Amino acid sequence: MPRTRSLAWSQLKLGIVVVVAMVIAVVFAFMVGGEGGLPWQRYHLKTRFPNVQGLKSGAVVRLAGVEVGQVSEVRFAGAQVEVTMELSEDVQDKITEQSKAMIGSISLLGETAIDINAIGAGRPLPDWGYIQSVRTPGQIAEVAEQANAGIVEVTNLLKDIRSGKGTLGKLFTDEQVYKEFAALTAAADQVVQNLNRGKGTLGKLLNDEKAYRSLQASLDDLSTMTRRLNAGEGSLGRLLKDDEFAKSLSSTTANLDRISGGLSRGEGTAGKLLKDEALYKRMDAVTGRLDTLLTRLNEGQGTAGQLLQDKKLYENMNGVVADMRSLLTEVKKDPKKYLNLKVSIF
């Protein structure tokens, strides 16, 4: 009996040693190969994707490119796929509510991983919290989809061109459009040749040194004029630069504005003429009478009218004036002949 108890104790010690060795091996394995640390040094986060692109449990989770954990579970949650991750507690303060998770790749072979960006601002996510997910830009599937859409567009464009749709299609299929395009090309070529030979204004400008110098002189004059204006020279320059001249012009403008205002209010003779209806009627009546008088004169009515219209009366008047001039001439020559004074004394 004592020998049997001794053998049992030996076996118990061996079992204890094996269990301790296994525990040490497991701990060592976690310390060497587990990026998230020991089980009590980890915390969990979840996220959801519409497409995980072949992501599996055990996939690497990276924070700013550093491996900090792994995917523990991938399962469906309705129409989306929910991914559970085990991460090291050391990075919990770097993953906040503003962080984003996306599906990345480890190598060109297509092995997938979870990439999280590190954010220093915001509140850290709690254990079993959800991190926002975003679509990974530049994925092969997306690039292939875009390339396929581009190929479809090019194919449709080629079909439209072959069927004669659009300007380019008509150019390839319509003989008349092709001829017109060829004529346009020939005309453009002719214009270029004329320019090269110095024909026309533009051709002379391109080839004639004198025309170029004349244009350059005009530009120089314009530059000089602009410089003088900026320097305040001349009337226009003073208008731009001289404050006193500008004030004088403003004063003149203000006076004109006051005069216009006075006319609008009916002040003064001109203002009353514009605004006083009675004065306007009197002016209109005077104008009417003058118009009647001029009409009667043109028709030869009255003495003045006959004087203007009756040629015989005009000639008689002209003859009387001539006789008066002759008489005055004779009187000046011999006054005694025409002027006799007799003095009688009673």
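**Strands, sheet and helices**

Trainee: Where is the place of Ser 99?

Mentor: Strands (E, at least two residues) and helices (H or I, at least four) are DSSP runs, numbered from the N terminus. By that assignment, Ser 99 belongs to the loop between strand S4 (80-88) and S5.

Trainee: I note that this is a predicted model, in which local features need pLDDT of at least 70, side-chain atom pairs count only at pLDDT 80 or more, and totals for chains, interfaces and linings use all residues. Residues are numbered from 1 along each chain as its sequence is written, and side-chain values use heavy atoms, with hydrogens and water left out. Is Ser 99 buried or exposed?

Mentor: Buried means under 20% relative accessible area and exposed over 50%, with partly exposed in between (1.4 Å probe, protein chains only). Because the relative accessibility of Ser 99 is 0%, this residue counts as buried.

Trainee: What is the separation of the C-alpha atoms of Ser 99 and Ile 116?

Mentor: Contact means heavy atoms within 4.5 Å. Leaving aside residues up to four places away in sequence, Ser 99 touches Lys 94, Ile 116, Asn 117, Ile 119, Ile 131 and Gln 132. Ser 99 and Ile 116 are 17 residues apart along the chain, yet their C-alpha atoms are separated by 6.8 Å.

Trainee: Which strands stand at the edges of the sheet?

Mentor: Two strands pair if DSSP finds at least two bridges between them. The 8 strands form an open sheet in the order S7-S1-S4-S3-S2-S6-S5-S8, with mixed pairing. One side of each edge strand is left without a neighbour in the sheet because each has a single partner strand; these are strand S7 (129-130) and strand S8 (132-133).

Trainee: Which residue does Lys 46 stand opposite in S7?

Mentor: Lys 46 lies in strand S1 (residues 42-49), and S1 runs parallel to S7, joined by 2 bridges. Among the residues that Lys 46 touches are Glu 82, Trp 128 and Ile 131. Its opposite residue in S7 is Tyr 130.

Trainee: Why does Lys 46 count as buried?

Mentor: The residues touched by Lys 46 also include Val 83, Thr 84 and Gly 129. Lys 46 is classed as buried because its relative accessible area is 17%.

Trainee: In which sense does S6 pair with strand S5 (residues 100-105)?

Mentor: Strand S6 (residues 112-116) has 4 of its 5 residues buried. With strand S2 (residues 60-63), S6 pairs in the parallel sense over 3 bridges, and Val 61 has Ile 114 as its bridge partner in S6. Gly 104 has Ala 113 as its bridge partner in S6. The pairing of S5 and S6, over 5 bridges, is antiparallel.

Trainee: Which residue in the turn between S2 and S3 has a positive phi?

Mentor: S2 pairs with strand S3 (residues 66-77) in the antiparallel sense over 4 bridges, and Arg 62 stands opposite Glu 67 in S3. The two strands form a hairpin with 2 residues between them, and the turn residue with a positive phi, about 55°, is Ala 64.

Trainee: What is the phi of Gly 78 in the turn between S3 and S4?

Mentor: S3 and S4 pair in the antiparallel sense over 8 bridges, with Gly 69 opposite Leu 87 in S4. They form a hairpin with 2 residues between them, and the phi of Gly 78 in the turn is positive, at about 75°.

Trainee: What is the relative accessible area of Trp 128?

Mentor: Trp 128 lies in the loop between S6 and S7. Its phi is positive, about 65°, although it is not a glycine. Trp 128 is classed as partly exposed because its relative accessible area is 45%.

Trainee: How do H8 and H9 lie to each other, by angle class?

Mentor: Axes are lines fitted to C-alpha atoms, for helices over the stretch in contact, and angles run from 0 to 180 degrees between N-to-C directions. Angles under 35 degrees count as roughly parallel, over 145 as roughly antiparallel, 65 to 115 as roughly perpendicular and the rest as oblique. Helix H8 (residues 243-265) and helix H9 (residues 268-275) pack at about 45°, with axes 7 Å apart. H8 is therefore, relative to H9, oblique.
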